[in-house]
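Please look over the sequence and the model before reading on.

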Amino acid sequence: MLTNTMKGLCFLVFLGFLLLNEGVLYTTAKQFRDVLSHGKTSSHVRYHKKLHGWSPDQNNWNEKLYPSWEEGDPRWNDCWRGGRVVARLTTDSPALVGSNVSFAVILEFPRCQKEDNDSNIIYDRNCKNDSTDFLDHYVYNWTKWIDDCGWENCTSNNTHHVFPDGRPFPHHPGWRRRNFVYLFHTLGQYYQKTAGSSATVSINTTNIALGKHLMEVLVYRRGHRTYVPVATASAPYVVTDQIPLFVNLSQKNDRDISDFIFIKDSPIIFAVKIHDPSHYLNNSAITYTWNYGDGSGLFVSNNPIITHTYTLEGNFTLNLTVEAIKPVPCKPTTPTLPYPASSGTKTPTPATTTNDSAITTNPFANLASPTSASVMEYTPDGGCHIYRYGHYKAVISILEGILEVNIIQMTSVLMSVAQATNTLVDFVVTCQGSLPTSACTTVSDPTCQVSQNVVCESVEITDECLLTIRRAFNEPGTYCVNITLGDDTSQALASTLISVNGGSSSRTAQGVLISFGFLVVFVVIVTFLLYKRYKKYKPIERSAGQAVNHEVLRVYFSNFKAILFGGSNERDPLLKSKPRIV
């Protein structure tokens, strides 16, 4: 009896040991969330439904085949030959709920390394790197390794060609060029795929809560026995129920549009660009309702580009409402739950991006805080549609500025031979609007493409916008001249083509020709007087031959006189032209 009791106790102790050992193994087994988010769990995961094609991050992780390292582990320094690999993760967020949001990862290799056509990593022979001696052409020759131990040849491939959760790699013709494993993680779920040095993934946002979320990615490279982690990256993304949009404001003659200061009596162009990379709103009816804030009323249009002219100076509040009516199947829908904001969370502030001709508003503005859920409406024809709205607001200032510049006259400045070194031209310029404070002249080639000289100077005009700008030209030729008048708010330009004659050398030649002409005239006059004097002492009779000779001589002198005393021609062809507006 005692022996049986002892046997029973030993069996219970052994069984307890096995259960304890199994429990220890279970508790020490890593899960995807332990690796991809370093054990941190999000309280909002329960609000999200399963994403199509994604798996819950509570699945077990194969630590033996895919070793995981904490941030700061020294093994990261030796995970890649020749340096560290950097993963760049980008997204086309923000995304309107119901549309798709996409992510792209690009691997940046160390200097002088690149991927060849077979997805092997090689050294770039054209790269200048004095500190590296390329003893081998390859950094990683995965093609040779696969040929030595291919999909069908190696007995261990059944356990090697698998993802961290044990699922086998997809076997397709391009599997040889997929030497990296990408593991995407968001909302308590993960997605795994093989690819080359870049990878993309797209998810539908129908079952994603409104608000700001985080996408993480972990990248492994192929190894002989295990896969080696090489890079990690993360990027935030936003899901919103308001239409993300950009508004570009542009105006002719405005000096700096980024300051939201525009010119009175000049049209402003408002161009709306809806951010919809997945084309979710392609079949929607979209209308744009504008309120310019100047008392002109509401303007409704289905065109994303519109112009408006402010006729008064002051500050005005611009408001835009974009409405999209999208046809959808008539199915019962569940309103998307908003993202529960944690304490201390700050709403991102609007930002602006500027360029020379327009100002663009940031689509992240007012998108992190959802304001409404989907509204479905039934139509008389038995269909259904939902409404989506987007909003834009800005305060702009309207001031008086330079509206137009005209070149009304160009005159060559006459100078003495001793003073002339360059050809001087006076440009008479007028403008409309405010009075300018600066004037710039740009001299270019006849095509107005290659600038040769730029001169800027301050001008003082107290009454009428009429000024004369004198510019010097070193060489004869045809030039394109741009004259720009500006003030603190605006600038306007006028252009013209001008043909410039020679400088001092041409004037010297003209002086020599004039002196020679006077000498010839003097000789002709003296000859004519002598001829008249001796004519009366000759007999009246003359032969026909003498009459002919006399007539020929008279015609000769008449033609010579016509050449020397021609019509009064202007020296400078510019002076023959009438004043013009260009």
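## Paired strands

Two strands are said to pair if DSSP finds at least two bridges between them. The model described here is predicted. In it, strand E13 (residues 245-251) pairs with strand E15 (residues 268-274) in the antiparallel sense, over seven bridges. Within this pairing, Leu 249 has Phe 270 of E15 as its bridge partner.

E15 also pairs with strand E18 (residues 305-308), again in the antiparallel sense, over four bridges. Here the bridge partner of Ala 271 is Ile 305 in E18. Five of the seven residues of E15 are buried, so this strand is largely enclosed by the rest of the structure.

## Aromatic pairs

A search of the whole structure gives 25 aromatic pairs. One of them joins Phe 109 and Phe 180, with 6.4 Å from centre to centre and 35° between the planes, and it is classed as tilted. Phe 109 is in the loop between strand E4 (100-108) and strand E5 (113-115), while Phe 180 belongs to strand E8 (residues 180-186), so the pair ties together parts that are 71 residues apart in sequence. Both Phe 109 and Phe 180 are buried.

Tyr 292 and Phe 299 also form a tilted pair, because their ring centres are 5.4 Å apart and their planes are at 55°. Tyr 292 has a relative accessible area of 1% and is therefore buried. Phe 299, at 34% relative accessibility, counts as partly exposed.

## A cluster and a charge over a ring

One aromatic cluster is formed by Phe 32, Trp 61, Tyr 66, Phe 163, Phe 169, Tyr 190, Tyr 220 and Tyr 227.

Elsewhere, the ring of Tyr 280 has the charged end of Lys 326 sitting over it, 4.4 Å from the ring centre.

## The surroundings of Lys 193

Lys 193 is part of strand E9 (residues 189-195). Leaving out residues up to four places away in sequence, Lys 193 touches Phe 163, Phe 180, Val 181, Tyr 182, Phe 184, Ala 199 and Thr 200. Phe 163 belongs to the aromatic cluster described above, and Phe 180 is the ring that pairs with Phe 109.

A polar atom of the Lys 193 side chain lies 2.9 Å from the backbone oxygen of Thr 200. Between Lys 193 and Leu 183, the separation is ten residues in sequence and 6.8 Å in space, C-alpha to C-alpha.

Terms used. Residues are numbered from 1 along each chain as its sequence is written. This is a predicted model: local features need pLDDT of at least 70, side-chain atom pairs count only at pLDDT 80 or more; totals for chains, interfaces and linings use all residues. Side-chain values use heavy atoms; hydrogens and water are left out. Rings of Phe, Tyr and Trp (its six-membered ring) pair if their centres lie within 6.5 Å; planes under 30 degrees apart count as stacked, over 60 as edge-to-face and the rest as tilted. Helices (H or I, at least four residues) and strands (E, at least two) are DSSP runs, numbered from the N terminus. Buried means under 20% relative accessible area, exposed over 50%, partly exposed in between (1.4 Å probe, protein chains only). A charge sits over a ring if NZ of Lys or CZ of Arg is within 6 Å of the ring centre and within 35 degrees of the ring normal. Contact means heavy atoms within 4.5 Å. A polar contact is a pair of N or O atoms within 3.5 Å; within protein, one must be able to donate a hydrogen and the other to accept it, and residues adjacent in sequence count only if both atoms are side-chain atoms.
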